[in-house]
Amino acid sequence: MDEKHLHIVTHTIPWPVNYGGVIDLFYKIKTLSKFGVKIHLHCFQYAGQAPQPELNKYCEEVIYYKRQSNISGFSFRLPFIVSSRKSAALIQNLQKDKYPVLLEGIHCTYYLYNGALDNRKVFVRSHNAEFEYYRHLAMHELNPLRKLYYAYESRLLKKYEQKIAAKAFIISVSRHDIDLYKKLFGATNIHYLPVFIPYTLAICKEGNGCCCCLYHGNLSINENEKAAEWLLENVFNELDVPFIIAGKDPTEKLKYLVKQSKNTCLVENPDDKEMRDLIAKAQINILPSFNNTGVKLKLLNALFNGKHCIVNNAAVEGSGLEKGCHVAEEPKEFKKLIRELYAQPFLDEDIECRQGLLEDLYSNEANARQLMKWIW
């Protein structure tokens, strides 16, 4: 049988798997390698990131390229997330053969956009409708300069994504994003493939958790901070229920708000083990979102490791995960669900529902087979 070779270009180094943005990347690479795909991995490297020998276990070669994170990567014509990932060395390496190319994220698509990859089999993995993601960042940003940057980037991305939608075979993580691309850009060659995940079993435990509710996320991202603030000010303001906020790099503003809340504590920068422990032990994981693009990987983490999960529609739209969650919109609906679930045991049938979701939608092996079918 002919060997299957594949170039994969990632917007960052997909190891260690220490935040949501690299989970899909790493577990896709690992699963494709298990199926015998010879992976030629090209990673853009942020300042301070080091090469990761772990990736050599799954790849024929791993090549690193410096991301231009200063003014040299700026363009008035192109989104910064794209223009900062141009590399002459990358396109030279891709043009050494005719293997198919998988571009991870709109970030990595410059050489598709400029025609250098014409007459090649090229696939784009869409992690978000990026123009919408940046629009939401602009909405929630308080710093005037950052707000201006996010809004400008969103405008550039909308024009850019429309051009990419006409050129590429797009593989999206979200049905909602597919509908958006079809409606706004007239995209026809766009397909759904769920994210690759680290779980093969729903390891939630039956019974009651410790008596607390948990919100977790990267707290340095403004929309996650906004969600935590919204919960403090609108939901837990009148509930006599212990509430934990856990995550990376909380701002001074959030630290202050937590200190003013009588039943709330903040867990700063927990490591992976501590975060898993918090998720598993909480009676309720509560994860509203103010952005309905992509798939919330922190929600998958809560569903397959935790007990009851309360979300809003934006957190689950297009994900297929609605069955495993309790959905609320208004603060009074969140409060009502918290009161109902706070003493309600998590049952074996709840675990079976979660396991069904895992097997039906989030099977890495089934999704790798589908991806390989498209590519070859």
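Modeller: Let's start with Glu-132, which forms a salt bridge with Arg-135, their closest N and O atoms being 2.7 Å apart. Bear in mind that this is a predicted model, where local features need pLDDT of at least 70, side-chain atom pairs count only at pLDDT 80 or more, and totals for chains, interfaces and linings use all residues. Residues are numbered from 1 along each chain as its sequence is written, and side-chain values use heavy atoms, with hydrogens and water left out.

Colleague: What makes Glu-132 and Arg-135 a salt bridge?

Modeller: The term asks for a side-chain nitrogen of Lys or Arg within 4 Å of a carboxyl oxygen of Asp or Glu. Glu-132 and Arg-135 have their closest N and O atoms 2.7 Å apart, so the pair qualifies.

Colleague: How are Glu-132 and Arg-135 placed in helix 5?

Modeller: They sit three residues apart in helix 5 (residues 130–140), so about one helical turn separates them. Helices here are DSSP runs (H or I, at least four residues), numbered from the N terminus.

Colleague: Why is Glu-132 called buried?

Modeller: Buried means under 20% relative accessible area, exposed means over 50%, and partly exposed is in between (1.4 Å probe, protein chains only). Glu-132 comes in at 11%, so it is buried. Arg-135 has 37% relative accessibility, so that one counts as partly exposed.

Colleague: And how do you know that Lys-28 and Asp-24 form a salt bridge?

Modeller: Their closest N and O atoms are 2.9 Å apart, so they meet the cut-off. Both lie in helix 1 (residues 20–34), four residues apart, about one turn of the helix.

Colleague: Are Lys-28 and Asp-24 buried or exposed?

Modeller: Lys-28 has a relative accessible area of 2%, so it is buried. Asp-24 has 3%, so it is buried as well.

Colleague: What about Asp-277 and Lys-281 in helix 10?

Modeller: Their side chains meet in a salt bridge at 3.2 Å, N to O. The two are four residues apart in helix 10 (residues 272–281), about one turn. Asp-277 is at 36% relative accessibility, so it counts as partly exposed. Lys-281, with 47%, is therefore partly exposed too.

Colleague: Which residues do shared partners join into one network?

Modeller: Asp-24, Lys-28, Glu-104 and Arg-125 are joined by salt bridges that share partners. The structure holds 15 salt bridges.
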